[in-house]
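Please keep the sequence and the structure in view as you read.

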Amino acid sequence: MGITAALATLLIASSSLGGGPFPDVIGHAQAPQIEELRQRGIVEGYGAGLYRPDVLVNRAEFLKTLELAVNGTIASQEEIRCFTDFTGDTQWFWPFACAAKAQHLVDGYPDGTFRGARTINLAEALKMAVTAWGMRLPVYIRAPDHWYEPYFVAAAGTGIGEYFLNDPGHLLTRGDMAFLLVSLNQPLAVVGSDQSSSSVSSVSSASSVSSVSRRYPYVVPVCGNGMLESGEQCDDGNTQDSDGCSSICIIVPEPVQHSVLRIDQKSQGELNLTGGAKNVSLLSFDAVAKWQDANLTGLKFRADAGSTAAAVNYRLYRDDMGDGKDEVQVAIGTERSGVVQFTSINTLVSTDHATRFEVRADFPSSGLPSTLTLGFDTDNPQYVEAVGDIDGRQLVGIRTDARPCPLYDNCWIAVYTQMTPPVTVVSDRGNLYVTSSNQSVRSHQILLGAASDDLLRLTFRATDEDISVRRLTINGATDDISYLELFDPGAATPFATATSVQCRTVVTGRFCASTAFTVRKDSTKDVIVRAVAKADTEGGKSGDQITLTLSPATTGDVAVEARGVSSEQDLDQNDGNATENGEVFIGRGNAGPNGAITAPASDTVAAKLSGIENADSNPDNSAVPAGRSSIGIFRFRAAPHGNSRNGLNAVNITKLTFSVTATNVLFTTGTFTLGNTLNPGTTVPCTASALTGSFSVVCADIQSGGVTASIDQGGYVTLELKAVIESPKVTALGSSTLQTSLNGLGDRSSVGSVEWNDGDQAFTWVDVPDSSVRSTVYRIP
């Protein structure tokens, strides 16, 4: 068999030949599930047929595999910019991700992004899979505590939750993906099941036929098609003898054939570091030999961007275990005149499987920013050097990507390169400042069994680099609170939940949350904190004070933990001096000692007034009446709730203090009364501080006087203040004005105009949106 055909076969397909299991899966704990998917054509391997079961899988890869598992094919659509991060050059997964969105299989993140390159976790994978197969979801009367709970319930009984320790944040590997898809016990498709298995003898068709053969092990073996199929000992792509594989695909001892080497550079993500970073991966590649093992003896690299002088201590590592981790150092490189050279490597490249290599280096602490993109020095005709392991013959000629072979006969080395993003080195770690927001919050009454209004609003500001906030710890609550919710401004759903069990040290009133939001360099981000209180049937108590606080402590459960995105280093807690040095500062906008961030105090209540409004049907500027008249009608509404430990708690109004403005209007002494409009015949007397001008009218002991002022949850009462107007216009030449109002609402710091109780505790203030509610204004010009 000619070496040109052998090399062509090598360059065409780097995946595992034949219909057998992936070699790196044999003996693996998840081998049965992986093999099930492989036989159905749902998954294929990497270079040299490796599956790499322990490599993490991203959202795009999982979605593609899921669609093949469910449908046997991948849907796509013309509209491919359906997520906000689908910008720039089109990516391979956009068409089917948009099709999946149109089918409501995926929704993306709250900010409208899909984040296909992000590693998928168990909760996300279960949601996609349960939705794709249309599995039955539980019905909730009350929304579950976590969005992913219905999908764990749908998968109950499959053993998936127990296998992954019920950890929704578990990051899935390729092996985990296979385990999950098979263990759900849903119908698995056979990819391309409507295709017929045709014989293809040409080498140029080897790739497509190999794919069909891997998916359908029952295909009749065809000797000479370049695939090792059932019943064949070998298949080198032709039907000639005298090349080690006979014309009937039986191994026959023949003279040793010249070694051939293939190298596939692997893609790497963008990396941002600070000076002083060690052991940084710059470039990786897979190498596999054909006909006989090869010894890799030399490599040369150059900077495709930046300068090779930006890094030091270049080293070459090899993955001996086939686990995707390059653990053995095989050579030390030298950097000179923009070229990094490795000589006298002498490391084996096998014909049995691909071997992963990786170039690493260190970046000195120069204090200056720099970039480096390392690539093969393809301008040098000998940028890869190797010899056959058996015959010692040098492998000459390098074919790079789709370029022609630079020699007249054969190239014995094929290299496939990729342009990778740069490694960027920034000068310093960033800093994070956490303060109270300029948009302040006020005190609230927290209704048991319900979510509160905004209790705390924080502003995060990053300097020098983007900062990822990893953890928040908030103190000052009580055991009446189930958990805290963290919101972006304007968002309807929280991005994180803080609970006591997430704290390293469980303390009553302390709540901790694992977070993953990013504060952009030289920008700010606000975070709103709300509480969800226990109902009284769950142990919630009325009358407890809640004062949320971020502690200034720098040890233990600290208020904020964060990490620099570019530097990839954790920020230190504040050291108390006036110098920024990669730190988290609490309660201040510049370097210096921390200060506590304390929210206004709030109270727990078992019932609550949700609003007060003017209920007078007369329009403003109606004429000032005379005689016994209504001078103020107010409607009081109670919030709905389910606090029923001792019966449903009601709002009981006990005292009202009205503010009256009577300009050029005179009242008759002792005539002020308050009543319920549904029962106007029953009233209580009220005391006025004056009879004209601006004065107050106090109506106390309202319910003991027989007036109905108790409001059931979700209901309302309408109360009417009356008095005798002795003169609607005292001075004929002057204009008259009359108006009644309830002032000082929403202010916890002082006794307000409405006093009430919830059946358990008494309160002297109300938490309503308006600080003042005015009744109709009456006038006489």
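## Helix packing and disulfides

Helix H3 (residues 59-71) and helix H4 (residues 94-102) pack with an angle of about 65 degrees between them, and their axes lie 10 Å apart. H3 is therefore roughly perpendicular to H4, where angles of 65 to 115 degrees count as roughly perpendicular, under 35 as roughly parallel, over 145 as roughly antiparallel and the rest as oblique. The axes are lines fitted to C-alpha atoms, for helices over the stretch in contact, and the angles run from 0 to 180 degrees between N-to-C directions. The helices (H or I, at least four residues) and strands (E, at least two) are DSSP runs, numbered from the N terminus.

This is a predicted model, in which local features need pLDDT of at least 70 and side-chain atom pairs count only at pLDDT 80 or more, while totals for chains, interfaces and linings use all residues. Residues are numbered from 1 along each chain as its sequence is written, and side-chain values use heavy atoms, with hydrogens and water left out.

The crossing of H3 and H4 is left-handed, a term used if the near helix is turned anticlockwise from the far one by less than a right angle. On the H3 side the contact (heavy atoms within 4.5 Å) is made by Ala60, Leu63, Lys64 and Glu67, and on the H4 side by Phe96, Ala97 and Ala100.

The count of disulfides comes to three, a disulfide being a pair of cysteine sulfur atoms within 2.5 Å. The table lists each pair with its S to S distance.

| Cysteine pair | S to S distance |
|---|---|
| cysteine 82 and cysteine 98 | 2.2 Å |
| cysteine 503 and cysteine 512 | 2.0 Å |
| cysteine 686 and cysteine 699 | 2.0 Å |

Cysteine 82 sits in the loop between H3 and H4 and cysteine 98 in helix H4, 16 residues apart, and their pair links distant parts of the chain. The torsion about the S-S bond of cysteine 82 and cysteine 98 is about -100 degrees, so this disulfide is left-handed. Cysteine 82 counts as buried at 17% relative accessibility, where buried means under 20% relative accessible area, exposed over 50% and partly exposed in between (1.4 Å probe, protein chains only). Cysteine 98, with a relative accessible area of 1%, is also buried.

For cysteine 503 and cysteine 512 the torsion about the S-S bond is about 105 degrees, so the disulfide is right-handed. Both cysteine 503 and cysteine 512 are buried.

The link of cysteine 686 and cysteine 699 is right-handed, with 110 degrees about the S-S bond.
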